[in-house]
Amino acid sequence: MGIEGIGARVARKEDKRFITGAGRYVDDMVVPGMKHAAFVRSPHAHAQIKGIDVEAARAMPGVIDVLVGKQIKADGIGNLICGWMVHSKDGSPMKMGAWSPLAVDRVRYVGDAVAIVVAETKGQARDAAEAVEVDYAELDAVTEAPAALEGGAPQLHPEAEGNLIFDWGLGDEAATDTALASAAHTVELEIVNNRLVPNAMEPRAALGHYNKAEDHYTCWTTSQNPHVARLVMSAFYNVAPENKLRVIAPDVGGGFGSKIYIYPEEIVCLWASKKTGVPVKWVADRTESFLTDAHGRDHHTKVKMGFDADHRIVGLKVDTIANLGAYMSLFSSATPTYLYATLLSGQYDIPAIYGNVRAVYTNTAPVDAYRGAGRPEATYVLERTMETAARQLGVSPAELRRKNFVKSFPHQTPVIMNYDTGDFAASLDAALKEADYAGFEKRREEAKGRGKLRGIGMSCYIEACGIAPSAAVGSLGAGVGLWESAEVRVNAVGTIEVLTGSHSHGQGHETTFAQLVSQRLGVGIDTINIVHGDTDKVQMGMGTYGSRSGAVGMSAIVKALDKVEAKAKKIAAHLMEADEGDIVIENGELKVAGTDKTVPWFQLALAAYTAHNLPQGMEPGLKETAFYDPTNFTFPAGCYICEVEIDPDTGRTEIVQFVAADDFGNIINPMIVEGQVHGGVAQGIGQALLEGTRYDETTGQLITASFMDYTMPRADDLPSFRISTQTTPCPGNPLGIKGCGEAGAIGSPPAVINAITDAIGTNELTMPATPQKVWAALRSATRH
Amino acid sequence: MSDVSMVVNGRKVTGNVEDRTLLVQYLRENLGLTGTHVGCDTSQCGACVVHLDGKAIKSCSILAVQASGSEVTTIEGLAPDADLHPMQAAFKEHHGLQCGFCTPGMIMTAVDMVRRHPGGLDEKTVRNDLEGNICRCTGYHNIVKSVLAGAEAMSGKTETKAA
């Protein structure tokens with residue numbers, strides 16, 4: 001590895017602008033003539049709209065226009081859609097209700113957009129929004145998914161009888177029932193995976209600009225995938241054809257999944273710009289973000305796992321109710337199905353698995369992928385069950401897991417996935433050692449002497465990343481392919497631009513992608529620019545989520561670099577009168593192997609563009625494009641061990657040690673990978689200890705709609721983390737990368753809850769394990 | 001509407017603003033200093049921290065008119081005579097940022113933290129004193145490292161690599 005190549009801890013190129021305040025986020029954009037928007041939102045969880053009176057608002061100072069749902073419908077703007085078709089067990093397609101960008105006759109959750117006000121200033125827009133009079137007839141609301149399935153529950157959409165969107169199954173139910181019936185031991189649990197609000201620090205924002213002279217739209221938006229936004233807004237929402245719509249996602253302040261989706265606001269801002277003739281900017285305040293960003297998780301699950309007399313798992317049956325909120329968000333159907341039940345085999349060799357998932361409408365914000373997306377839910381189910389099984393069987397949690405690990409690869413699970421490689425014991429052993437697992441009982445005793453209850457818990461996770469092989473996801477219902485594109489442009493003086501369809505919103509692509517090019521061509525990363533986030537610059541791309549930018553996005557760059565190198569070698573061979581096969585690229589030079597003949601990289605690039613002396617028939621220039629479609633998912637895996645101390649008087653949990661041992665395959669920049677693990681683990685600990693989204697079950701009001709009410713992890717809630725990596729290179733892509741973006745959030749919640757339940761001696765504990773809940777559980781517990 | 005006059009990053013500025021204009025709005029919208037960010041509406045997140053007469057404040061919790069007559073330093077003015085302030089350099093060197101949205105507020109808070117603790121900082125103090133700044137990306141691990149390293153560099157004990 002060179003000092004800037006693959007494997008080097010290179011400080012990030014993009015940091016300079018962020019640490020000096022020169023980053024450019026959507027809210028920082030100013031367009032001449034730009035005006036400001038505020039949305040009128042439903043204060044009710046469920047209501048009929050009897051009428052909307054906008055006249056008073058229209059007369060307010062600075063107001064340019066007030067626009068409502070009937071107008072957007074009249075202009076032919078389409079409903080929002082879910083882009084992944086899931087079929088129920090009976091073969092029927094999922095039951096998708098209509099989601100108008102502005103509600104027309106009914107609102108279904110608090111925050112549902114009803115009208116947009118465009119005014120000279122943000123303050124004036126907000127004042128006027130309060131003056132829009134909407135005549136609502138309130139309806140009963142339901143917020144919890146199990147309640148929404150009960151007879152007599154309020155009905156949200158006429159398309160979905162009983163609020164049931166689909167009743168889906170994966171695996172062999174009969175074989176699983178047979179295996180469980182013959183099991184020597186069975187473990188049963190009921191598990192709630194708490195609803196979370198992603199809370200990227202930059203609130204969502206959109207700036208729509210219709211240019212009348214060119215009959216062309218530009219949308220600056222907080223998106224993880226601007227090309228998908230353009231595709232969907234063009235093909236399904238009828239905003240504008242793709243050639244008339246440019247989508248720019250500039251610096252984006254975190255996403256964690258919540259900025260994958262196309263929301264009503266960017267559609268409405270673009271449409272409103274044409275209606276009003278001015279550029280329209282909207283920026284969410286934090287409470288709007290809480291109310292309307294897609295939430296994550298929210299599963300109710302019953303699980304049953306069977307073991308033989310030798311403690312090998314014989315079967316696993318899972319029954320899950322998934323709350324999808326009031327409308328189906330863009331990938332909401334895939335998250336609790338193909339990203340969830342397909343991971344129910346975990347790291348274990350399980351002969352029979354059956355997963356049943358019922359997806360349900362409720363009067364809450366739409367629910368979709370949030371960091372991990374389905375895989376944290378699967379891991380939580382499995383790893384809570386494994387820890388519980390070990391306690392019930394009276395065996396070591398570590399050794400019960402080890403006994404059941406998949407040990408040979410490739411391994412076909414009963415739930416679609418084919419694990420290509422891994423070494424689960426290596427991560428387990430690394431974590432056990434780093435955590436001094438063997439010495440724990442001594443520490444428990446020592447803590448007892450100080451009046452503290454100490455507990456330890458582990459979690460062995462696997463995830464499917466590198467999303468995803470297009471044909472495979474197409475056969476499962478995806479509306480898009482999940483390849484990635486890259487273009488490598490060598491300029492005439494040898495500097496390089498890499499255009500990628502991946503999108504960085506904190507991941508550091510401007511550095512890691514440049515490291516790859518530096519490794520291949522031997523040029524410094526300062527001569528390489530990574531271009532992303534603009535549909536006018538990058539032709540097409542699928543964006544960043546599902547830990548796919550390294551495994552898929554960088555593989556596309558590798559393919560484009562292969563083509564650039566091949567052409568460069570042809571030119572070099574011609575210039576040096578050598579055989580093409582003898583040319584090597586090293587340290588920024590093209591050399592004839594075994595001789596002292598060289599052509600510097602910049603000179604080669606210049607030769608390609610002057611075209612004075614190229615091989616016969618060769619086109620001038622040095623620029624290549626590639627699309628890379630993965631052949632399989634990748635399978636990052638690892639072991640996390642959490643150690644806690646609980647104050648029995650207050651129920652407060654302190655995380656005294658957190659160990660993460662991960663196998664991400666090959667690593668481009670260890671510093672950045674460590675940062676991804678830190679952040680993921682913090683979000684997982686947040687889920688386990690702090691973050692609970694609460695709707696009032698009667699009124700449907702979101703009670704936790706600000707940072708005063710929803711507990712975000714803060715610096716003093718967390719320890720410093722002890723992390724390491726083990727490496728089995730991924731055989732499925734040219735760089736051997738598995739991906740690291742989501743692991744921390746997937747592996748950590750069960751480790752934390754397993755540690756707390758170990759400390760307090762009861763399994764009766766739901767996330768977030770607040771001091772009040774831990775204290776109450778402790779009072780009702782009898783030690784096992 | 002009210003007249004405001006203050007010194008921002010060493011430059012005297014005057015303006016006429018709606019009475020309800022927050023300092024953060026004045027900085028961002030009137031002066032174009034967009035490095036100061038707005039991440040919440042309840043003065044919880046700290047993305048808007050600037051220095052007012054040398055002390056860290058949340059610029060979302062004060063009106064522009066209240067800041068009239070004061071000296072304000074924003075992230076853009078933190079290193080007037082250098083490429084980077086030692087705290088900025090420490091955040092880069094120790095990967096104390098990912099998406100960058102909370103970063104200006106973190107750095108402004110960290111510089112003030114060093115001022116308030118002339119005896120030096122330790123991890124516990126840093127974590128405690130970051131109570132008013134939220135980051136969703138880093139898990140704070142590398143922010144804590146950055147603040148400690150930046151504090152050392154500011155005290156002249158160690159050199160932090162300039163970017």
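Modeller: What follows is a walk through the helix packing, then some backbone details and the spaces in the protein.

This is a predicted model, in which local features need pLDDT of at least 70 and side-chain atom pairs count only at pLDDT 80 or more, while totals for chains, interfaces and linings use all residues. Residues are numbered from 1 along each chain as its sequence is written, chains are lettered from A and ligands numbered from 1 in the order in which they are written, and side-chain values use heavy atoms, with hydrogens and water left out.

Let us start with helix H10 of chain A, residues 375-393. Helices here are DSSP runs of H or I with at least four residues, strands are runs of E with at least two, and both are numbered from the N terminus. The axis of H10(A) comes within 8 Å of that of helix H19 (residues 743-760) of chain A, and the two cross at roughly 30 degrees. That makes H10(A) roughly parallel to H19(A). Axes are lines fitted to C-alpha atoms, for helices over the stretch in contact, and angles run from 0 to 180 degrees between N-to-C directions. Angles under 35 degrees count as roughly parallel, over 145 as roughly antiparallel, 65 to 115 as roughly perpendicular and the rest as oblique.

H10(A) passes H19(A) in a right-handed crossing; a crossing gets that name if the near helix is turned clockwise from the far one by less than a right angle, and is left-handed if anticlockwise. On the H10(A) side, the residues in contact (heavy atoms within 4.5 Å) include A:Arg375, A:Tyr380, A:Glu383 and A:Glu387. Among their partners in H19(A) are A:Pro749, A:Pro750, A:Ile753 and A:Asp758. By class, this contact of H10(A) with H19(A) has seven nonpolar, three polar and six charged residues. Ala, Val, Leu, Ile, Met, Phe, Trp, Tyr, Cys and Pro count as nonpolar, Asp, Glu, Lys and Arg as charged, and the others, Gly among them, as polar.

H10(A) has another partner, helix H11 (residues 397-404) of chain A, packed at an angle of about 115 degrees with the axes 9 Å apart. That makes H10(A) roughly perpendicular to H11(A). Their crossing is right-handed. The contact draws on A:Glu383, A:Met386, A:Glu387, A:Ala389, A:Ala390 and A:Leu393 of H10(A), and on A:Pro397, A:Leu400, A:Arg401 and A:Asn404 of H11(A). These residues divide into six nonpolar, one polar and three charged.

Over in chain B, helix H3 (residues 103-116) and helix H5 (residues 141-154) have axes that come within 10 Å and cross at roughly 50 degrees. That makes H3(B) oblique to H5(B). The crossing of H3(B) and H5(B) is right-handed. B:Met106, B:Ala110, B:Val111, B:Met113 and B:Val114 of H3(B) meet B:Ile143, B:Val147, B:Ala151 and B:Met154 of H5(B). This contact has nine nonpolar residues, no polar and no charged.

Now for the backbone. A cis peptide bond joins A:Met767 and A:Pro768, with omega about -10 degrees, and A:Pro768 sits in the loop between H19 and helix H20 (771-780) of chain A. A cis bond also joins A:Ile467 and A:Ala468, with omega about 0 degrees.

Finally, the spaces. The largest pocket holds about 1200 Å³, and of its 47 lining residues, the closest to its centre are A:His36, A:Lys122, A:Gly123, B:Gln25 and B:Glu29. By class its lining has 18 nonpolar, 13 polar and 16 charged residues. On a 1 Å grid over the protein atoms alone, a pocket is an open set of points with protein on both sides within 12 Å along at least five of seven lines, a cavity is a set where a 1.4 Å probe fits but cannot get out, and lining residues have an atom within 4 Å of a point. Grid points are joined across faces, edges and corners, and a volume is the space filled by probe spheres set on the points. The largest cavity has a volume of about 90 Å³.
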